Amino acid sequence: MVLDDLGSSLRGALDDLRGKSRIDEEDVDAVVKEIQRSLLQADVDVDLVMDLSDRIKSRALDEEPPAGTSARDWVLRIVYEELVELVGESTELPLESQTIMLAGLYGSGKTTTAAKMAWWFSTKGLRPAIIQTDTDRPGAYDQAEQMAERAEVDFYGDPDEDDPVTIAREGLEETRTADVRIVDTAGRDGLNEELIEQIERIEREVNPDRNLLVLDAAMGQSAKSQAADFQEAIGIDGVVITKLDGTAKGGGALAAVDETDSTIAFLGTGETVQDIERFEPSGFISRLLG
Ligand code: GDP
């Protein structure tokens, strides 16, 4: 990681260590304070920030830096390693046949993400298909169909069928020649028993290889409880953070990652099908701190 990726005040605090051979508690506190400020501003859960702070402090003060490493480089290395530990590695997505189910609240960006992911897999030489099972939201079918067209991928949905499980079953049958099947599901304004029960039924029918939870970057503290509910219902293997092209930095999603013991798979950075990035720790860290 280069120092330029860090926010300017954190860079300043680290620069104060320049030329020092030993690090004292005050120096580390100054660095940790800057990290805390940035992460809390980026909506990272307070407990996660406090754990990270403790780990940075104890490592910086207790561990011996390798010979020839300056105090500044040593602290920078610890900070970076611990931040990578916090945000995690990218969710593993083998480039092979698989079924992925998307879950999330209404408006989180599931339908858009389904098309983006399908487009992404198509750029890797695989043949994707989208199965739209959202029978609740008026317009979900048309939106998904249009986006699938823009992504130039196969699509299955049935605007005349009102049972999502039937659509899922028929969709899997109809798209059997595809390599990667992406199943979009209905959201709700909040998680209720009906949604949980429905998504559990779809999950049993589809038997996906992976369930991804789609979260709006602006989702703050409620990401954690939402993730816990989805985790209990279907199990979450990875998170997609959408709308990172806005002002929100997506730190709230880290609580969901922690809660589900999962990782981040993709980042959504706009409204078109190409606006998707594979998650990668250092870029996300710069975004959080910048
Ligand atoms: P769903 O209800 O979870 O299926 O959400 P949609 O996919 O319909 O997305 C809700 C709204 O958010 C739509 O207007 C999308 O265009 C928009 N949206 C989704 N992802 C992104 C993103 O990464 N950036 C921006 N700016 N808008 C997005």
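Student: How do you know how H2 and H4 cross, and within what distance do their axes come?

Tutor: The axes of H2 (residues 25–41) and H4 (residues 71–87) come within 12 Å and cross at roughly 30 degrees. Axes are lines fitted to C-alpha atoms, for helices over the stretch in contact, with angles from 0 to 180 degrees between N-to-C directions. Helices are DSSP runs (H or I, at least four residues), numbered from the N terminus. This is a predicted model: local features need pLDDT of at least 70, side-chain atom pairs count only at pLDDT 80 or more, and totals for chains, interfaces and linings use all residues. Residues are numbered from 1 along each chain as its sequence is written, and side-chain values use heavy atoms, without hydrogens and water.

Student: Why are H2 and H4 called roughly parallel?

Tutor: Angles under 35 degrees count as roughly parallel, over 145 as roughly antiparallel, 65 to 115 as roughly perpendicular and the rest as oblique. H2 and H4 cross at roughly 30 degrees. They are therefore roughly parallel to each other.

Student: Which residues make the contact of H2 with H4?

Tutor: Val 31, Ile 35 and Leu 39 of H2 touch Val 75, Val 79, Leu 83 and Leu 86 of H4. Contact means heavy atoms within 4.5 Å. By class, this contact has seven nonpolar, no polar and no charged residues. Ala, Val, Leu, Ile, Met, Phe, Trp, Tyr, Cys and Pro count as nonpolar; Asp, Glu, Lys and Arg as charged; the others, Gly among them, as polar.

Student: What makes H1 and H2 roughly antiparallel?

Tutor: Look at the angle. The axes of H1 (residues 8–15) and H2 cross at roughly 170 degrees and come within 9 Å. H1 and H2 are therefore roughly antiparallel. Ser 9, Leu 10, Ala 13 and Leu 14 in H1 meet Ala 30, Val 31, Glu 34, Ile 35 and Arg 37 in H2. These residues divide into six nonpolar, one polar and two charged.

Student: Why is H8 called oblique to H9?

Tutor: H8 (residues 193–206) and H9 (residues 223–234) pack at an angle of about 40 degrees, with their axes 9 Å apart. That makes H8 oblique to H9.

Note on methods:
Helices (H or I, at least four residues) and strands (E, at least two) are DSSP runs, numbered from the N terminus.
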